[in-house]
Amino acid sequence: MSIKLAHISDCHIGVGYPGPTPFARFQDIEKILDWTADKLIEEKVQIALICGDCFKDAKVMLDRASQEIASIVRFLRRLSDANITTIMISGTPSHDAIPAYDLIDAMSIPRLIIWTKPGINRLRNIACLPGLNRAALLTQDEYKGLPPEQVHRIMTYKITQLCVGMAAQMPNDMPKILMAHMTYQGAETGFTDLLMQNEPILTREAVSGFDLVCLGHIHKPQTIDGKVFYSGPVERLSFNEEDVTPGFWVYDIQMNDTGYKKQYLIQPQFIETPARRFVTRSFDNCIEALEMHGASFFGSGFADDLKDAIVRIRYSCSEEVAKQLNRKELEKALYQAGCFYVAEIKGEVQRVDRVRDSQVTENLSVGQALDRWCIQQDIEEDERQALGAMTAELLEGVQA
C-alpha cells in the first residue's frame with residue numbers, strides 16, 4: 001500500500017507587494033499556484049497538506065479580501081476537482097485571519113478539511129497544529145506580567161505535551177503525520193524568521209511519536225532529523241528570499257506489513273517552482289561603470305541575468321562620480337535589459353571632508369548663507385534659485 005502526499009506552505013497571496021503595479025506580484029503568486037496544481041495532478045498526489053500562511057495580511061479591506069480569498073479558493077477547487085483531498089491549517093495571526101478560513105470552510109468545497117484549532121484528522125491519521133495567537137494567549141491570567149522568555153518556556157512545554165498526547169491517540173496501522181505552523185528546534189531560519197524571537201518552539205520530544213512532520217512558517221525549504229520538513233514559500237516574496245529555492249515537497253509513502261509491525265518508507269522529493277527571481281547587483285568603486293550609466297553599462301551577459309527579475313542596484317563611488325550618475329537613465333537601461341521591476345538604486349557616496357568656507361559667518365543672512373553653501377556643494381544655478389525661493393517663503397511665514 002502506498003500514499004502520495006504533497007506539502008505546501010506560506011503562499012502569502014495578497015495585493016500590494018512592490019512591483020510595477022499593485023496586482024503584479026499577486027498575479028505572480030496566482031500563476032505559481034496554477035503551476036503547482038498542474039504538477040500535483042501530474043504527480044497523482046492523493047493528499048495535499050497546506051501548512052498555513054495562505055494570505056499576506058490578516059486585516060484588509062473587503063474589496064481586497066474578496067479577491068485574495070477567491071484566488072486561494074480557485075486553487076483549492078482545482079485540487080478538489082482532481083480528487084485530491086486537501087487538509088489546510090491556519091498560520092500566523094498577522095497573516096491569516098480565522099474568519100477568512102471560516103468563510104472558505106462555509107463554501108463546502110468537496111475533499112477540503114480546514115483546521116484553525118489543534119486536532120486530529122482520524123481518517124488520514126494526521127495531527128493538525130495551526131499557528132498560535134500568541135497575543136491572545138498573553139492576555140490570559142496565567143501569562144500576565146511574565147517575562148517573554150518565561151512565556152516562551154511555558155508555551156513550548158504545553159505544545160510538547162499536546163503533541164505527545166495527540167501522537168499517543170493515533171493508531172499505529174497508518175503512518176502518524178503532524179502538520180504544524182511553528183519553528184522547529186534545530187531548524188535553520190532566515191532573516192525574516194529571526195523576527196520570531198521568543199515564540200514557542202516545536203521540540204524534538206514533541207515530534208518523537210510521529211513518522212513525518214510537515215511544517216510551515218520558516219521561509220526556507222529544509223529537512224531536519226530525517227523526518228521534519230519545511231517546504232518554504234512557493235513564490236519568492238522579497239529580497240530576503242533571493243537565494244531561497246521556492247517549491248514544495250511530494251512524499252511517496254510505502255507501507256509494508258511484516259507480520260510483526262507496520263513499516264513505513266517515506267521517499268521525499270522537492271519540486272522547485274518557476275518563481276520570479278530577485279537579483280541584487282553591487283558595484284564597489286565603480287567609477288568607469290557609472291560614468292557610462294547607459295545601456296553600454298549592461299553587457300549581454302548582465303542583461304540576460306536580469307531578464308524578468310526584480311532588481312536592485314547598490315553601488316559605492318566618490319562624490320564626483322555620483323554627480324555624473326543619471327539615475328533615470330540607469331533605471332531606463334535596466335528596463336531595456338528586460339527587468340520586471342527595478343526595486344531600488346541605492347548608492348553609498350564616499351564623501352570628502354570639506355574645509356569650512358571662511359566667507360560663511362554669523363553676519364550673513366539665512367538666504368546668503370544658503371547661497372554660499374550651495375556654491376560650496378556645486379549645486380547648479382536653477383536649483384540654488386529654487387532653494388532660495390523656498391527659504392524666503394518659509395522665513396516670511398515664520399515672521400508672520
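Colleague: Leaving aside its neighbours within four places in sequence, with which residues is serine 71 in contact?

Modeller: This is a predicted model, so local features need pLDDT of at least 70 and side-chain atom pairs count only at pLDDT 80 or more, while totals for chains, interfaces and linings use all residues. Residues are numbered from 1 along each chain as its sequence is written, and side-chain values use heavy atoms, with hydrogens and water left out. Contact means heavy atoms within 4.5 Å. Once neighbours within four places in sequence are set aside, the residues in contact with serine 71 are Ile13, Phe26 and Glu30.

Colleague: What is the relative accessible area of serine 71?

Modeller: Serine 71 is found in helix α2; helices (H or I, at least four residues) and strands (E, at least two) are DSSP runs, numbered from the N terminus. Buried means under 20% relative accessible area, exposed over 50%, and partly exposed in between (1.4 Å probe, protein chains only). Serine 71 counts as buried, and its relative accessible area is 4%.

Colleague: How does α1 lie relative to α2?

Modeller: Axes are lines fitted to C-alpha atoms, for helices over the stretch in contact, and angles run from 0 to 180 degrees between N-to-C directions. Angles under 35 degrees count as roughly parallel, over 145 as roughly antiparallel, 65 to 115 as roughly perpendicular and the rest as oblique. The axes of α1 and α2 are 9 Å apart, and the two helices pack at an angle of about 10 degrees. The relation of α1 to α2 is therefore roughly parallel.

Colleague: How many residues of the contact of α1 with α2 are charged?

Modeller: The side of α1 includes Phe26, Glu30, Leu33 and Asp34, while that of α2 includes Ser71, Ile72, Arg74 and Phe75. Ala, Val, Leu, Ile, Met, Phe, Trp, Tyr, Cys and Pro count as nonpolar, Asp, Glu, Lys and Arg as charged, and the others, Gly among them, as polar. The contact of α1 with α2 has eight nonpolar residues and three polar ones, and the charged residues number six.

Colleague: How does α2 lie relative to α3?

Modeller: The axes of α2 (residues 62–81) and α3 (residues 98–106) come within 11 Å and cross at roughly 45 degrees. The relation of α2 to α3 is therefore oblique.

Colleague: Against which elements do the buried residues of α3 pack?

Modeller: Ala100, Tyr101 and Ile104 are buried in α3. They lie on the same side of α3 because they cover an arc of only 95 degrees around the axis, the arc being that of the directions from the helix axis to the C-beta atoms. The face of α3 turned away from this buried side carries the exposed Pro99 and Ala106. The buried residues of α3 pack against α2, β3 (85–89) and β4 (112–115).

Colleague: By what distance are the C-alpha atoms of threonine 86 and leucine 76 separated?

Modeller: Threonine 86 has its place in strand β3 and is buried, with a relative accessible area of 2%. Beyond its neighbours within four places in sequence, its contacts include Ala48, Ile50 and Leu76. Threonine 86 and leucine 76 are 10 residues apart along the chain, and the separation of their C-alpha atoms is 7.6 Å.

Colleague: What phi does aspartate 10 have?

Modeller: Most residues other than glycine have a negative phi. Aspartate 10 lies in the loop between β1 (2–8) and α1 (24–42) and counts as buried at 0% relative accessibility. Although aspartate 10 is not a glycine, its phi is positive, at about 55 degrees.

Colleague: Is aspartate 308 buried or partly exposed?

Modeller: Aspartate 308 lies in the loop between α8 (300–306) and β16 (310–318). It is not a glycine, yet its phi is positive, at about 65 degrees. With a relative accessible area of 43%, aspartate 308 is partly exposed.
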